[in-house]
Amino acid sequence: MSRITARKRVTRITVATSRSVRDDLLAVEEPLEIRVGGNSLAITMRTPGNDVDLAAGFLVSEGVIARGEDFAAARYCAGATDEGLNTYNVLDVTLAAGVPAPDPSLERAFYTTSSCGLCGKASIDAVRTTSQHAVHHDDLVLDPALLATFPDRLRAAQDVFEKTGGLHAAALFDGRSGEMLVLREDVGRHNAVDKVVGWAVKEGRLPLSGTVLMVSGRASFELTQKASMAGIPVLAAVSAPSSLAVDLAKEVGITIVGFLRGQSMVVYSRPERIVEPALAPADAATAGAAAPATQQSQPSEQSEQSRETVSAQ
């Protein structure tokens with residue numbers, strides 16, 4: 001825990017009321033250099049912890065590996081500094097025999113910030129990667145009532161966020177049982193997702209068919225792409241998706257759910273995966289009788305509510 005959080009001296013001010021000095025806990029942000037076979041591939045800013053998961057998930061996102069058996073081992077590099085010290089900020093990955101080394105074009109020209117998982121890409125074409133795990137035909141069907149429980153469960157499991165208020169989170173849920181399979185936190189939302197995918201690599205679970213990736217922020221293009229690379233059919237977020245994220249989701253067959261808060265949500269692609277259980281015959285008849293008036297008013301209310309929420313972001 002000592003490298004995940006750091007204690008710093010701060011001044012707390014309440015306007016026209018009080019001013020005090022105290023210690024506060026902050027989320028740690030440090031660079032991690034990821035090497036493959038001794039060759040540097042990328043440097044990313046991250047919260048220390050679950051670094052092997054992060055490296056494995058990053059390699060899936062970049063298309064270097066696609067399954068657990070492609071990943072052999074990882075170790076921190078001793079002598080990472082001029083003084084020969086191990087900073088635990090340089091991780092060297094060994095790929096399984098027969099797995100090709102990363103294409104030199106994948107090497108990032110500069111470091112990846114905690115807010116961007118695509119920084120350092122050499123060209124627009126390099127941003128797009130092709131998944132070996134198609135999700136178009138994933139037959140997962142989700143009860144929206146079950147899906148609506150995921151944000152609160154993710155929030156309740158964020159131990160470090162509770163202490164610092166400064167971390168993103170990503171969690172993987174079984175879409176049929178609702179079981180939370182894993183949760184990871186990080187200063188970078190893309191790192192949190194890579195850590196989740198890397199956990200699945202180590203557990204031999206790829207592709208992640210029938211699962212839901214729940215994220216604490218927005219659904220960006222890069223997170224949609226990471227879900228695609230891991231074979232995840234549903235990406236859910238408490239905030240909005242970007243237009244490019246929705247375009248990519250429609251192209252690859254991912255269901256994107258945004259504004260997942262309380263009992264409401266907005267589905268942007270593949271809505272047939274989000275289906276309420278069939279009503280009982282008596283309930284169906286009652287609902288059918290009331291349907292015309294309800295159907296006339298609901299779309300405009302939902303659209304207006306979505307617009308209000310978007311403007312508030």
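**Exercise 1. Decide whether Asp-186 is buried or exposed in this predicted model, and find its salt-bridge partner.**

Solution. Begin with the accessibility of Asp-186, whose relative accessible area is 0%. Since buried means under 20%, Asp-186 is buried. Finally, turn to salt bridges that share partners, which join Asp-53, Arg-184 and Lys-202 into one network.

**Exercise 2. Work out whether Asp-23 and Arg-9 are buried, partly exposed or exposed, and say which parts their salt bridge ties together.**

Solution. The side chains of Asp-23 and Arg-9 meet in a salt bridge, with 3.0 Å from N to O. Asp-23 belongs to strand β2 (residues 18-27) and Arg-9 to strand β1 (residues 5-14), so the pair ties together parts that are 14 residues apart in sequence. For the accessibility, Asp-23 has a value of 36% and therefore counts as partly exposed, whereas Arg-9, at 59%, is exposed. For contrast, take the salt bridge between Asp-51 and Arg-46, where the closest N and O atoms are 2.8 Å apart. Here Asp-51 is buried at 2%, and Arg-46 is buried at 0%. By the rule used for such pairs, the count of salt bridges comes to ten.

**Exercise 3. Identify the residues with the most contacts inside the largest nonpolar core, and follow the contacts of Leu-213.**

Solution. The largest nonpolar core has 50 residues, and those with the most contacts inside it are Leu-59, Ile-65 and Leu-213. Helix α6 (residues 189-202) gives the most to this core, contributing seven residues. Taking Leu-213 next, and leaving aside residues up to four places away in sequence, one finds that it touches, among others, Ala-170, Leu-172, Val-193, Val-196, Ala-227 and Ile-232. A second, separate core has 18 residues, including Ala-148, Phe-150, Val-212 and Ala-236.

**Exercise 4. Explain why helix α7 is described as largely enclosed by the rest of the structure.**

Solution. Count the buried residues of helix α7 (residues 221-230): ten of the ten are buried, so the helix is largely enclosed by the rest of the structure. Then consider which residues these are; they include Phe-221, Leu-223 and Met-229, and also Glu-222, Gln-225 and Lys-226. To finish, step just past the end of α7, where Gly-231 takes a positive phi of about 75 degrees.

Notes:
Residues are numbered from 1 along each chain as its sequence is written. This is a predicted model: local features need pLDDT of at least 70, side-chain atom pairs count only at pLDDT 80 or more; totals for chains, interfaces and linings use all residues. Side-chain values use heavy atoms; hydrogens and water are left out. A nonpolar core is a set of buried Ala, Val, Leu, Ile, Met, Phe, Trp, Tyr and Cys residues joined through side-chain atoms within 4.5 Å. Buried means under 20% relative accessible area, exposed over 50%, partly exposed in between (1.4 Å probe, protein chains only). Helices (H or I, at least four residues) and strands (E, at least two) are DSSP runs, numbered from the N terminus. Contact means heavy atoms within 4.5 Å. A salt bridge is a side-chain nitrogen of Lys or Arg within 4 Å of a carboxyl oxygen of Asp or Glu.
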